[in-house]
2 protein chains.
Amino acid sequence: MDGTGQNRQKAGQAAPPKRRKSPKGEERREQILQAAMRQFADDGYQNASFAAIAQEVGLSLPGLIHYFPTKVDLLLAILERRDLESVKVLGGPDLSWRALLSALVEVVQANTHIPGVVRTFAILNAESLTRDHPAAGWFGNRVRSVSLSLSQTLQRGIESGEIRPDVDARALAAELISMMDGLQMLWLRAPDAIDMVAIFRAYVDRLIADIALG
Amino acid sequence: MDGTGQNRQKAGQAAPPKRRKSPKGEERREQILQAAMRQFADDGYQNASFAAIAQEVGLSLPGLIHYFPTKVDLLLAILERRDLESVKVLGGPDLSWRALLSALVEVVQANTHIPGVVRTFAILNAESLTRDHPAAGWFGNRVRSVSLSLSQTLQRGIESGEIRPDVDARALAAELISMMDGLQMLWLRAPDAIDMVAIFRAYVDRLIADIALG
DNA sequence: AAAAATACCGATTACGCGGTAGGTTTAACA
DNA sequence: TGTTAAACCTACCGCGTAATCGGTATTTTT
């Protein structure tokens, strides 16, 4: 009816989404999301086949559509779920800048154990740069939000006198994001050929040495 | 008949590719390559329409096929051309490491003036991470080659005593490539919001300060 | 001027795609 | 236990796709 698939809810949090039942259904949803992530990771969103995702979980195409009315809805469901997970990582605005940088290294470390997920989001991230891509808004918001979060923490470090005052917090935030994303792409092309964690850790260590005061 | 479109020539350089004639034809080829780059930049390779490229240069689909027998041939032609251009940038293996890093900054600087080209290759680079992508080999070779070139130059710097001996040249090469590619993606998402050149230059300056001896 | 390659086009084909129409079976709940 | 929604399926549709067939007109070379 609406064609946008945005009709889930708007701001409710614990509100049970209308009425929902079957345990089997929830299990299926989970399977579908997993399968879709796999196929998006392999082929990208545009090139992946909605019907092939259905097949992977043993459904017909209309069977899949019963759960996700359009391909876009399925994509958005994957992104939405990622939102919930990633809140906790950069969560506190009360984190010290050193702790934040450590947390970033840990994120990279953790990512090496879930190459599938990393691949999915790296592919979608890049693909979302193309015209009218349905994930463009999500990735745009995400980069804005992460960037803001990083630069605020760095800025607090500057104001508290722990970081050299001539550092550009916003530029440094962009630099960190770029390095992480760039490394991911290199790593995805040849996971065994480069040690993503070691490289990123070395980079961050140098960065800390460069900007720390005292 | 061969279906691969690889039948142009194999190693000849000045050898006129069999026999070629019309000036009009060469002009058309040029238009086609430009149009294709534009559309690949907008929509990616997979999602771009071969026929739409034909239309943009005022040809029917069979008319386009006269010049490039398949869509893959067109893609490879674009990549091939880029090869010729990019040789000169990192050309000499007799370049000093400082000169090389300066050259990288200049490349980034120059790239800000050709966002279309940057976009094309950034999009294709990311897209080539998907399964069976026709550009995968090209980008794989490219990253290998650039990486090797960078790390060799850095290694020479180490051996000549200009760079600290505890530096990992290969890791640093990967880091540089990651930073450039990551920055490009961030920049493409919001060209006016970030100063790619300033960020990269600041990064390189810190890097030099960190690894230089004496 | 003759021969031959180049530079195209209209019509068509085979196929995969996302999505719909209209149903039947299965399971939850009162 | 009856009602109702969830959980699916078969068959189908319209569309866009890359690519082919079989030409004709133009240009270049001999």
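B:Q39 counts as buried, at 11% relative accessibility. In this predicted model, B:Q39 sits in helix 1 of chain B, which spans residues 23–47. Neighbours within four places in sequence aside, B:Q39 is in contact with B:G44, B:A48, B:A52, B:I53 and B:E56.

The side chains of B:R38 and B:D42 meet at 3.6 Å, N to O. The two residues are 4 apart in helix 1 of chain B, so about one helical turn separates them. B:R38 is partly exposed at 46%, and B:D42 is partly exposed at 23%. In chain A, a network of salt bridges links A:R38, A:D42 and A:E56.

The overall make-up of chain A was then examined. Chain A contains 9 helices and 0 strands. Its elements, read from the N terminus, run α-α-α-α-α-α-α-α-α. Of the 214 residues in chain A, 45% are buried. Contacts in chain A with a separation of 6 or more were also sorted by distance along the sequence. Residues 24 or more positions apart account for 68% of them.

One salt bridge within chain A joins A:E30 and A:R81, whose side chains meet at 2.7 Å, N to O. A:E30 belongs to helix 1 of chain A (residues 23–47) and A:R81 to helix 4 of chain A (residues 71–86), so the pair ties together parts that are 51 residues apart in sequence. A:E30 counts as partly exposed, at 31% relative accessibility. A:R81 is likewise partly exposed, at 28%. Over all chains, the count comes to 14 salt bridges.

The interface between the chains comes next. The size of an interface is often given as the accessible area lost when the parts come together. Here, the area buried between chain A and chain B is about 3,300 Å². Carbon and sulfur atoms give 60% of that area. On the chain A side, A:L129, A:R189 and A:R206 lose the most area to chain B. Together these three residues give 22% of what that side buries. The contact takes 36 residues from chain A and 36 residues from chain B.

Between chain A and chain B, the count is 6 salt bridges. Among them, the side chains of B:R131 and A:D43 meet at 3.0 Å, N to O. This pair crosses between chains, from the loop between helix 6 and helix 7 of chain B, which holds B:R131, to helix 1 of chain A, which holds A:D43. A:D43 is buried, with a relative accessible area of 12%. Another salt bridge joins the side chains of A:R131 and B:D43, also at 3.0 Å, N to O.

B:S128 is buried, because its relative accessible area of 4% is under the 20% cut-off. Beyond its neighbours within four places in sequence, B:S128 is in contact with A:R189, B:H133, B:A135, B:A136 and B:F139.

Most residues other than glycine have a negative phi, and most peptide bonds are trans. A:D132 has a positive phi, near 55°, and is a residue other than glycine. A:D132 is found in the loop between helix 6 (115–127) and helix 7 (136–159) of chain A. At 73% relative accessibility, A:D132 counts as exposed. In chain B, phi of B:D132 is near 55°, again a positive value in a residue other than glycine. B:D132 lies in the loop between helix 6 and helix 7 of chain B. B:D132 is exposed, with a relative accessible area of 73%.

Helix packing was examined in chain B. The axes of helix 6 (residues 115–127) and helix 8 (residues 169–189) of chain B come within 10 Å. These axes cross at roughly 115°. The crossing of helix 6 and helix 8 of chain B is left-handed. Helix 6 of chain B contributes B:P115, B:V118, B:R119, B:A122 and B:N125 to the contact. These residues meet B:D181, B:Q184, B:W187 and B:L188 in helix 8 of chain B. By class, the contact between helix 6 and helix 8 of chain B has 5 nonpolar, 2 polar and 2 charged residues.

Key:
Residues numbered from 1 in each chain as written. Chains lettered and ligands numbered in written order. Predicted model: local features only at pLDDT ≥ 70, side-chain atom pairs only at ≥ 80, totals over all residues. Heavy atoms only, no water. Axes fitted to C-alpha atoms, helices over the stretch in contact; angles between N-to-C directions. Left-handed = near helix turned anticlockwise from the far one by under 90°. Contact = heavy atoms within 4.5 Å. Nonpolar A, V, L, I, M, F, W, Y, C, P; charged D, E, K, R; others polar. Buried < 20%, exposed > 50% of the residue type's maximum accessible area, 1.4 Å probe, protein only. Buried area = accessible area lost by both parts, 1.4 Å probe. Salt bridge = Lys/Arg side-chain N within 4 Å of Asp/Glu carboxyl O.
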